[in-house]
Amino acid sequence: MNIPELFIMPDKKTLEWADVYPFLYLHAAFDGLKESQNIRHLVIDEMQDYTPVQYAVINLLFRCQKTILGDFGQMINPNHLYTLQDLQQLYENAELVKLNKSYRSTYEIIHLTKRIQNISALEAIERHGEEPVLMKCRDRDDEIRYLQNRIKAFIDSENATLGIIMKTNRSAKTLFDILADSYDVNLIAPDSTNFANGISITSVQMSKGLEFDEVIIPSADDTTYSSEYDRSLLYIACTRAMHRLTLTYTGKQTKLIEWGDDPNPELQTNSY
């Protein structure tokens, strides 16, 4: 896998979280594991973020019926290389139900997200809104000025929540430090304990499970979002938006949205 640093223990007698389940699986083979007798039905959400060995240990601990939910289009861990078909092999007699209709986002936003992940089966409810906006900015300072203008427009709007979603926790903190002196903004970080209305700045990782009236995705360029793993991140970020979606970039736009040489005419494009 070419990630030797992940095979180094962080401290003596201390395991990384990712190593806990392999350890438990080996422990079960030699000494067994105590099976839970109290749980009658187990619900697992975000199934794509669990590894096969985690499922193997969960099956040893909880032999009850299970409901497993998730979306493999929203894979957040770049080292998870398995598929829905692999998961089905662990539960050969399970019933598979596919829920393809999205009730969160407008038809226009879903139409855009389908061009990121190419999920032809995804359906949107007949709720229309503004076309997503792809905003080209001259440079980083220009992009910040555009974000400030969008924040002012949000404050004057009837929307309750605005999410500005960066690729990483570090970049989210950097943007928060820039905007916090001028605006009442919230930073959603790994140590956050609550979610509030208003303007939130966060990462793709921390935005999972959240939804916002309006979403802005800065740095939607061909460097920040370029790999197949980035495709999943961009898909997650876009699907957080309920009513309005804006992507901003400097340089060259990301190629992960299938619009060919020129942006699709259905996607509003502007140069700020």
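**Nonpolar cores and helix packing in the predicted model**

Leu-162 is buried, with a relative accessible area of 0% (buried denotes under 20% relative accessible area, exposed over 50% and partly exposed in between, with a 1.4 Å probe and protein chains only). The model is a predicted one, in which local features require pLDDT of at least 70 and side-chain atom pairs count only at pLDDT 80 or more, whereas totals for chains, interfaces and linings use all residues. Residues are numbered from 1 along each chain as its sequence is written, and side-chain values use heavy atoms, with hydrogens and water left out.

Leu-162 belongs to strand 6 (helices, H or I of at least four residues, and strands, E of at least two, are DSSP runs numbered from the N terminus). Not counting residues up to four places away in sequence, Leu-162 is in contact with Ile-151, Phe-154, Gly-198, Ile-199, Ser-200, Phe-212, Glu-214, Val-215 and Ile-216 (contact means heavy atoms within 4.5 Å). Between the C-alpha atoms of Leu-162 and Ile-68, which are 94 residues apart along the chain, the separation is 30 Å.

The largest nonpolar core comprises 29 residues, and Val-204, Ile-217, Leu-234, Leu-245 and Leu-247 have the most contacts inside it (a nonpolar core is a set of buried Ala, Val, Leu, Ile, Met, Phe, Trp, Tyr and Cys residues joined through side-chain atoms within 4.5 Å). At least two residues of this core are supplied by each of helix 4 (107-117), strand 9 (212-217), helix 8 (228-238) and strand 10 (241-249). Helix 8 provides the largest share, six residues. A second, separate core has 16 residues, among them Leu-147, Leu-179, Val-185 and Ile-216.

Helix 8 is mostly covered, with nine of its eleven residues buried. These are Asp-230, Arg-231, Ser-232, Leu-233, Leu-234, Tyr-235, Ile-236, Ala-237 and Cys-238. The cover over the buried residues of helix 8 includes helix 4, strand 6 (161-166), helix 7 (204-207), strand 9 and strand 10. Leaving aside residues up to four places away in sequence, Leu-234 touches Ile-116, Ile-217, Tyr-225, Leu-247, Thr-254, Leu-256 and Ile-257.

Helix 4 packs on helix 8 at an angle of about 170°, with the axes 9 Å apart (axes are lines fitted to C-alpha atoms, for helices over the stretch in contact, and angles run from 0 to 180 degrees between N-to-C directions). The two helices, helix 4 and helix 8, are therefore roughly antiparallel to each other (angles under 35 degrees count as roughly parallel, over 145 as roughly antiparallel, 65 to 115 as roughly perpendicular and the rest as oblique). Ile-109, Thr-113, Ile-116 and Gln-117 of helix 4 make the contact with Arg-231, Ser-232, Leu-234, Tyr-235 and Cys-238 of helix 8. The residues of this contact divide into five nonpolar, three polar and one charged (Ala, Val, Leu, Ile, Met, Phe, Trp, Tyr, Cys and Pro count as nonpolar, Asp, Glu, Lys and Arg as charged, and the others, Gly among them, as polar).

The axes of helix 5 (residues 140-155) and helix 6 (residues 169-179) cross at roughly 70° and come within 12 Å. Helix 5 is thus roughly perpendicular to helix 6. The crossing of helix 5 past helix 6 is right-handed (a crossing is left-handed if the near helix is turned anticlockwise from the far one by less than a right angle, and right-handed if clockwise). On the helix 5 side, Arg-140, Ile-144, Leu-147, Gln-148 and Ile-151 meet Leu-175, Ile-178 and Leu-179 of helix 6. Six nonpolar residues, one polar and one charged form this contact. Helix 5 also contains Arg-150, which counts as buried at 13% relative accessibility. Apart from neighbours within four places in sequence, Arg-150 contacts Glu-214, Ile-216 and Arg-244.

Helix 1 (residues 17-31) and helix 2 (residues 52-61) pack at about 50°, with their axes 9 Å apart, and are therefore oblique to each other. Helix 1 passes helix 2 in a left-handed crossing. Trp-17, Tyr-21, Pro-22, Leu-24, Tyr-25 and Ala-28 in helix 1 meet Val-53, Gln-54, Ala-56, Val-57, Ile-58 and Leu-60 in helix 2. The contact residues of this pair divide into eleven nonpolar, one polar and no charged.

Most residues other than glycine have a negative phi. Glu-46, in the loop between strand 1 (41-44) and helix 2, has a positive phi near 55° and is partly exposed at 25% relative accessibility. Ser-219, in the loop between strand 9 and helix 8, has a positive phi near 60° and is buried, with a relative accessible area of 15%.
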